[in-house]
Amino acid sequence: MTFYTEEEQTEDYLFKIVLVGDSAVGKSNLLARFARDEFYPNSKSTIGVEFQTQKMDINGKEVKAQIWDTAGQERFRAVTSAYYTGAVGALLVYDISRRQMFDSIGRWLNELHTLSDMNVVTILVGNKSDLKDAREIYTAEGNTLAEAQGLFFIETSALDSSNVAAAFQTVVRDIYNILSRKVIQTQELKKQDPGSGKTVVLTFTGRRKPRGR
Ligand SMILES: Nc1nc2c(ncn2[C@@H]2O[C@H](COP(=O)(O)OP(=O)(O)OP(=O)(O)O)[C@@H](O)[C@H]2O)c(=O)[nH]1
Ligand SMILES: [Mg+2]
């Protein structure tokens with residue numbers, strides 16, 4: 001729970017975002033592409049947990065995304081509940097050329113819902129869109145799953161960079177928008193009760209975006 005006083009509203013926002021999905025879907029490379037514009041053709045499985053903080057400009061405000069990455073494989077994973085604690089956003093990643101990884105999405109979604117705030121802003125990410133000839137999951141199928149689960153959806157390629165920044169920005173912008181609405185609501189409340197000293201403008205835990213808003 002975070003409180004900001006009115007004087008502190010100009011301070012940076014820091015959002016914890018987690019990368020989730022099977023081993024080898026490209027989580028670490030999505031992060032490497034987004035944070036450092038790098039790509040590793042022969043990257044090894046992540047061991048334990050890593051995170052990178054990336055500054056982003058959202059509506060002219062500086063927002064920091066602290067992006068967490070761990071192994072898809074159980075035996076290499078960091079303590080799972082700690083990984084999800086405090087997360088307000090998630091990228092749920094599969095590989096468009098591997099049916100098996102798409103089939104795991106339900107399990108990852110379950111884990112996300114069990115171990116993090118139910119309202120974490122989540123985007124379903126079909127990575128490796130450059131592998132056109134090897135595609136096993138059509139865009140429409142990803143889209144349908146995302147709609148059924150109330151998630152954002154995007155296809156990316158860490159290899160050719162397409163949509164990588166957009167995937168992270170979609171999540172961060174939505175979190176920011178929810179936060180802004182909460183600030184406005186709290187300020188409106190404050191206006192109704194002007195005698196109560198210093199203003200507390202927000203408590204924020206994140207909220208999943210209903211479709212069509
Ligand atoms: N063609 C293609 N290959 C990719 C893409 N993203 C990642 N890869 C490759 O897929 C393999 C696995 O990528 P990683 O980023 O290590 O996968 P990961 O999800 O972090 O795997 P774990 O750490 O084991 O959970 C590597 O050989 C990458 O080079 C992509 O967009 N296109
Ligand atoms: Mg990795």
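Q: How many helices and strands does the secondary structure of the protein come to?
A: This is a predicted model, so everything here describes a computed structure. Read along the sequence, the elements follow the pattern β-α-β-β-α-β-α-α-β-α-β-α. In total, the secondary structure comes to six helices and six strands.

Q: In what order do the six strands stand in the open sheet?
A: Let's start with two of the pairings. E1 and E4 pair in the parallel sense over four bridges, and E4 also pairs in the parallel sense with E5 (residues 121-127), over seven bridges. The pairing in the sheet as a whole is mixed, and the order is E2-E3-E1-E4-E5-E6.

Q: Which strands stand at the edges of this sheet?
A: The six strands form an open sheet, in the order E2-E3-E1-E4-E5-E6. An edge strand here has a single partner strand, so one side of it is left without a neighbour in the sheet.

Q: Which residue of E4 stands opposite Leu 19?
A: E1 and E4 are joined over four bridges in the parallel sense. One of the bridge partners in E4 is Leu 92, which pairs with Val 20. For Leu 19, the residue opposite is Leu 91.

Q: How many of the seven residues of strand E4 are buried?
A: In a regular strand the side chains alternate between the two faces of the sheet. In E4, Gly 89, Leu 91, Val 93 and Asp 95 point one way, while Ala 90, Leu 92 and Tyr 94 point the other way, and all are buried. For strand E4 (residues 89-95), the count of buried residues is therefore seven of seven.

Q: Is Asp 95 buried or exposed?
A: Asp 95 is found in strand E4. Leaving out residues up to four places away in sequence, Asp 95 touches Val 25, Gly 26, Met 101, Asn 127 and Lys 128. A residue is buried if 20 or more other C-beta atoms lie within 10 Å of its own. Because Asp 95 has 24 C-beta neighbours inside 10 Å, it counts as buried.

Q: What is the phi of Asp 37 near?
A: Most residues other than glycine have a negative phi. Asp 37 is found in the loop between H1 and strand E2 (49-58), and it is exposed, with 10 other C-beta atoms within 10 Å. Its phi is positive, near 55 degrees.

Q: Where is Ala 24 found?
A: Ala 24 also has a positive phi, near 75 degrees. With 16 C-beta neighbours inside 10 Å, Ala 24 counts as partly exposed. It is found in the loop between strand E1 (13-20) and helix H1 (27-36).

Q: What separates the C-alpha atoms of Asn 59 and Arg 173?
A: Asn 59 lies in the loop between E2 and strand E3 (61-70), and Asn 59 is exposed, with 9 other C-beta atoms within 10 Å. Asn 59 and Arg 173 are 114 residues apart along the chain, and their C-alpha atoms are separated by 8.5 Å.

Q: Which element gives the most to the shell around ligand 1?
A: The ligand is surrounded by 23 residues, the closest being Gly 26, Ser 28, Ser 45, Thr 46 and Gly 72. By class, the shell has eight nonpolar, 12 polar and three charged residues. The most, three residues, comes from H1.

Methods:
Residues numbered from 1 in each chain as written. Chains lettered and ligands numbered in written order. Predicted model: local features only at pLDDT ≥ 70, side-chain atom pairs only at ≥ 80, totals over all residues. Helix = DSSP H or I, 4+ residues; strand = E, 2+ residues; numbered from the N terminus. Buried ≥ 20, exposed ≤ 12 C-beta atoms within 10 Å, placed from the backbone. Near = placed C-beta within 6 Å. Nonpolar A, V, L, I, M, F, W, Y, C, P; charged D, E, K, R; others polar. Pairing = 2+ DSSP bridges. Contact = placed C-beta atoms within 7 Å.
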